[in-house]
Amino acid sequence: MSEVPATPVDRSTDDRARTLVAQMTEDEKFAWLSGPMAIPLAGEDKPEGALGSAAFYPGIERLGIPAMQQSDASLGVGNLGNVRPGDHATALPSSLLLGATFNPSLAFESGALVGREARQKGFNVQLAGGANLVREPRGGRNFEYISEDPLLTGVLAGQSVAGIQSEKVVSTVKHFVANAQETGRVMVSSNLSEAALRESDLLAFQLAIEIGRPGAVMPGYNLINGDYASENAFLLNTVLKGEWEYPGWVMSDWGATHSSVKAALAGLDVQSGANLDDAHHFGAALRQAVKAGEVPQSRIDDMVTRILRSLIEVGALDPVPALPIDYSQHRLIAQRQAEEGIVLLKNAQGTLPLAQRAKRLLVIGAHADHGVLCGGGSSCVTPIGSLSLPGIDMMGMQVAKVYQPSSLVQAIKEESAAQQVDFLDGTDVTLAVAQAAIADAVIVFAQEWRSEALDAKGLGLDGNQDALIEAVAAANRNTIVVLQTGGPVLLPWLDNVAAVLAAWYPGSGGAPAVAGVLFGRVNPSGRLPITFPASESQLPRPEQIDPATTTSNPGMPRKGEIIPINYDIEGSDVGYRWYARQRLKPLLPFGFGLSYSTFEFSDLRVNEPGKVSVRVNNTGPRAGATTLQLYIAKTGEDGFAKRLAGFEKVFLAAGEQADVEVQLEPRILARFEEGGFVIGPGNYRVWAADDAEDERLGVTVTLHAP
């Protein structure tokens, strides 16, 4: 089958970029090919003219080219290290929560929010678009990524990028590709076959690029099959710029450039965060390589043309009208996203929504009176009023553990009819048990903090939280647990509590969103974008690298050797696909989520070409939403166990039904062979499901060889 054609660049955009490059001096060109962080490290000052952010490249006033100001990230406009004191910003929920919405329109809307705030703050490039698949459930940056599935990830990441760029701000997609863990992130080589890579991680990026048309692509810190991502000619030249005809620029991650000639010829266009590298590879060294004939001058011109072409295409060079940022409206957008992405994991005997007769409530959880937890690192957004606690050291900078200002206790008081709401931080288990025994219901906010530069150690909750939950549940049968986590966690107390919500890192509107679900204003519709394992022994690689034996950050002395990670163990069968192939039963499957209503699927029909229609009926007592998930499997030696091939979020009133037609993504049905994706002859089973384990409603279709 043929590939989806690349979207051509507008001819006038291309001509304008080339004309500007022709007028630039060599100094002006090279000033845009490398640059230091615009967040001053120890003993350094931020560049003159820089707002203070991830990067700054000087403008060229005589050509009408403004400075390039680059900021992090997908979850809002970051302010790492408070480099811009007092700068307020809206904190979006984590990307995993966005994935849990299964709602592309929300992805676009939240991306546009980030683009508006970035533009009004003076930034024209946003280092957003996290599109890595979650191959390692304990990965420290999983909260920045969308899911373990290539279709869900590609569609939502692409829509988020499109939203950002609709506000005349260039967005990246990152971290290209197979960048699955933080421990040893500058030392690991992600090793897997081309076919497996094409059918999984690369496919997620391919979809995101087709949908979002990002102006830039950022490779990761890792190696892929032995070559660093930033100088991997197969990925950058052969696939990205060659087969996919990608017209934008490739920027390295900060401190992830390792050479001059090799990187330039392999397709890297910009050395980002050059002060973190061992050398200024795209400075004097690259100039000398051009003089020596090792790198052609045309390659330098191509680098700058790609940058300008992307900036021009989205309108990032246009003047910025001074408009106020409506933070109140943006907070409501963040709240609405959180409301759709909170997943109801358990609801024994209809415990939720909490009845109005619950007059005395006990809320337990560290800093739940102040706000909601967010993930650490460059993507962390710190609205005014955030609580910053000691976190970790990253590249010589202190990365705080941040609670964003959205008080869970206050939201519960406002949402409920309780006469008394007591709060405990949970440090005193004996006191918590005593208070739980006299409460009508207990809400425990459990937490698991993750951050860039450090993977989670195992899948357990931090500290003594499991013991606290067990003890409180023994004292009060109406114990509800709300998880604030950066990924899946083990739930050893699941059978002993009444209800469980996965709230992820819920952002600026997180508290009213959680309270809305707890008390029934919101009918939950989130679905798990990632499998919750029953134990770590179910993972393809149960053992973890000891962080003391390797180096995890750029700019730090290298420790040990390159560490090969064998991703061919699961190959393209990431996440739920692995569980299906190995016949493992997880604790909670991908796509799982409960509602306060009930839904039925019926009358599944496979239409041509590649469309499936299903009747969806809300058989419950209230309006709500469900996600129609369409899976496909192929039998035989060249088959595959299970793949999400299409999805649609459906909103229905009580008693309403709708016939929903979904276009299947053809590359999900295919295997990658030399030369491209091929849908081979054979038997394919197609079914509509509530989650990745549900196989009740399906049909088998036979495709014959042409």
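**Backbone geometry and a sheet**

Ala178 is buried, since its relative accessible area is 2% and the limit for that term is under 20%. The model discussed here is a predicted one. Ala178 belongs to the loop between E5 and E6, and its phi is near 55 degrees, a positive value in a residue other than glycine. Most residues other than glycine have a negative phi, and most peptide bonds are trans.

The loop between strand E5 (170-176) and strand E6 (188-191) also holds Val177. A cis peptide bond, with omega about 10 degrees, links Phe176 to Val177.

Pro609 is found in the loop between strand E22 (599-607) and strand E23 (611-618).

Gln349 likewise is not a glycine and has a positive phi, of about 50 degrees. Its loop connects strand E12 (343-347) and strand E13 (360-364). Gln349 is exposed, because its relative accessible area is 86% and the term requires over 50%.

The discussion now turns to a sheet. Strands of a sheet pair through backbone hydrogen bonds, either parallel or antiparallel. Four strands form an open sheet in the order E25-E24-E29-E30, and their pairing is antiparallel. Strand E25 (640-652) and strand E30 (697-703) are at the edges; each has a single partner strand, so one side of each is without a neighbour in the sheet. On average, neighbouring strands of this sheet are turned by 20 degrees against each other, direction ignored. Within the sheet, strand E24 (residues 624-634) pairs with strand E29 (residues 682-689) in the antiparallel sense over six bridges. Gln629 stands opposite Ala689 in E29.

Methods: Residues are numbered from 1 along each chain as its sequence is written. This is a predicted model: local features need pLDDT of at least 70, side-chain atom pairs count only at pLDDT 80 or more; totals for chains, interfaces and linings use all residues. Side-chain values use heavy atoms; hydrogens and water are left out. Two strands pair if DSSP finds at least two bridges between them. Helices (H or I, at least four residues) and strands (E, at least two) are DSSP runs, numbered from the N terminus. Axes are lines fitted to C-alpha atoms, for helices over the stretch in contact, and angles run from 0 to 180 degrees between N-to-C directions. Buried means under 20% relative accessible area, exposed over 50%, partly exposed in between (1.4 Å probe, protein chains only).
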